[in-house]
Amino acid sequence: FSYLQISEPNEFDIMLVMPVERIQLDESDDTGAYYYVSFKRTPKEKGFLKFLDEDGKLSAFKMLQALREIIKQEVKNIKDVEVTVARKKIGSPAITLQIKNPPEISVDIILTLEAQRSWPLSTQGGLKIEHWLGTKVKREMRFRSLYLVAKQNKREKVLRGNTWRLSFSHIEKDMLNNHGNSKTCCESDGPKCCRKGCLKLLKYLLEQLKMKYPKELEKFCSYHVKTAFFHSCVTWPNDSEWHLGDLDHCFQQCLQFFVDCLQKSQLTHFFIPQYNLLSLEDKARHHFLSRKISHELNNGFPVFHE
């Protein structure tokens with residue numbers, strides 16, 4: 001199949017990172033991904049106090065509301081480009097800016113807490129990269145700060161909007177940038193591999209299918225294929241399994257891995273092994289997507305040529 005010009009990037013994410021000290025994390029459900037955040041002592045930064053709820057938990061909802069107001073005020077001062085703040089999307093942790101400068105782009109601003117503390121217990125058996133990137137790299141990664149993004153947990157009994165979700169996007173970015181089993185993979189004079197090309201194609205395929213079946217596939221997002229991709233990197237850890245010339249084979253292999261996950265309704269979060277990203281009540285949707293992908297796989301990807 002032919003190498004496609006993957007659509008121009010028109011969506012960008014910016015993490016707005018706020019350092020917090022001496023925080024306590026309490027799990028808000030059994031996924032191991034969602035937490036309530038409170039301070040062990042009165043925070044040095046007194047500004048946080050007005051965002052605590054009556055139980056002393058840091059309310060993601062209140063902080064997002066305040067941030068949205070600040071951004072709305074700031075956007076009014078932008079004169080040379082037309083920028084608007086998009087309407088709030090239910091359950092989305094982002095504040096989205098629409099920039100009308102042709103081509104139109106949207107920028108998601110994601111409120112993120114950064115804590116210099118050990119990762120929670122739920123991450124213990126995750127990040128199985130020993131054979132792919134090595135034990136030393138894994139150890140270094142686990143010493144990095146912990147990120148939490150303001151994200152509503154839909155499974156909360158009372159929806160109060162004060163939950164935070166663990167985020168590993170900084171680690172994921174690192175894994176993508178230093179993705180080789182050998183340290184020289186894809187460096188200027190090193191051998192080139194097709195890992196990044198695979199991930200781009202996986203995302204692109206899902207995007208195209210979502211455009212075609214928006215209703216049926218609304219619950220799927222690029223994080224699903226990104227997770228399947230990282231598991232594939234662990235399943236096939238050697239650079240020799242990702243030769244640049246083998247892109248179509250590797251892409252189909254990753255895709256088959258993802259289809260298997262969909263058929264089992266089991267896609268384990270890469271960092272939190274107890275957390276299944278495919279909830280069992282959506283089985284029919286998983287099977288729908290697996291059928292659509294299998295059709296693409298067996299017919300030379302017609303959706304790429306539509």
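1. Basis. The model is predicted; local features need pLDDT of at least 70 and side-chain atom pairs count only at pLDDT 80 or more, while totals for chains, interfaces and linings use all residues. Residues are numbered from 1 along each chain as its sequence is written, and side-chain values use heavy atoms, with hydrogens and water left out.

2. Overall fold. The chain has 7 helices and 8 strands, where helices (H or I, at least four residues) and strands (E, at least two) are DSSP runs numbered from the N terminus. Its radius of gyration is 21 Å, close to the 19 Å from the globule rule for 306 residues, so the chain is as compact as a globular protein of that length. That radius is taken over C-alpha atoms, and the rule is 2.2 Å times the number of residues to the power 0.38. The C-alpha trace spans about 55 × 45 × 45 Å along its principal axes.

3. Of the 306 residues, 47% are buried; buried means under 20% relative accessible area, exposed over 50%, and partly exposed in between (1.4 Å probe, protein chains only). Among contacts with a separation of 6 or more, 63% join residues 24 or more positions apart, a contact being heavy atoms within 4.5 Å.

4. Helices α4 and α7. Helix α4 (residues 195–212) packs on helix α7 (residues 283–298) at an angle of about 115°, with the axes 12 Å apart. Axes are lines fitted to C-alpha atoms, for helices over the stretch in contact, and angles run from 0 to 180 degrees between N-to-C directions. From α4, Leu205, Leu206 and Leu209 meet Leu289, Lys292, Ile293 and Glu296 of α7. By class, this contact has 5 nonpolar, no polar and 2 charged residues. Ala, Val, Leu, Ile, Met, Phe, Trp, Tyr, Cys and Pro count as nonpolar, Asp, Glu, Lys and Arg as charged, and the others, Gly among them, as polar.

5. Cysteines. The structure holds 0 disulfides, a disulfide being a pair of cysteine sulfur atoms within 2.5 Å. For Cys250, the closest cysteine sulfur is that of Cys194 at 3.7 Å, too far for a bond. Cys250 is buried, at 1% relative accessible area. The sulfur of Cys221 lies 14 Å from its closest cysteine sulfur, in Cys261, which is also too far for a bond. Cys221 is partly exposed, at 36% relative accessibility.

6. Asp246. This residue sits in the loop between α5 (222–235) and α6 (247–264) and is partly exposed at 31% relative accessibility. Asp246 and Cys194 are 52 residues apart in sequence, yet their C-alpha atoms are 7.3 Å apart.

7. Positive phi values. Arg22, in the loop between β1 (11–20) and β2 (23–27), has a phi near 45°, positive in a residue other than glycine. Arg22 is partly exposed, at 37% relative accessibility. Leu127 is not a glycine but has a positive phi of about 50°. Leu127 lies in the loop between β6 (105–115) and α2 (135–142) and is buried, with 0% relative accessible area.

8. Leu113. Located in strand β6, Leu113 is buried at 0% relative accessibility. Leaving aside neighbours within four places in sequence, Leu113 is in contact with Met18, Val20, Val37, Leu58, Leu146, Tyr147, Leu148 and Trp164. Lys76 is 37 residues from Leu113 along the chain, and their C-alpha atoms are separated by 26 Å.
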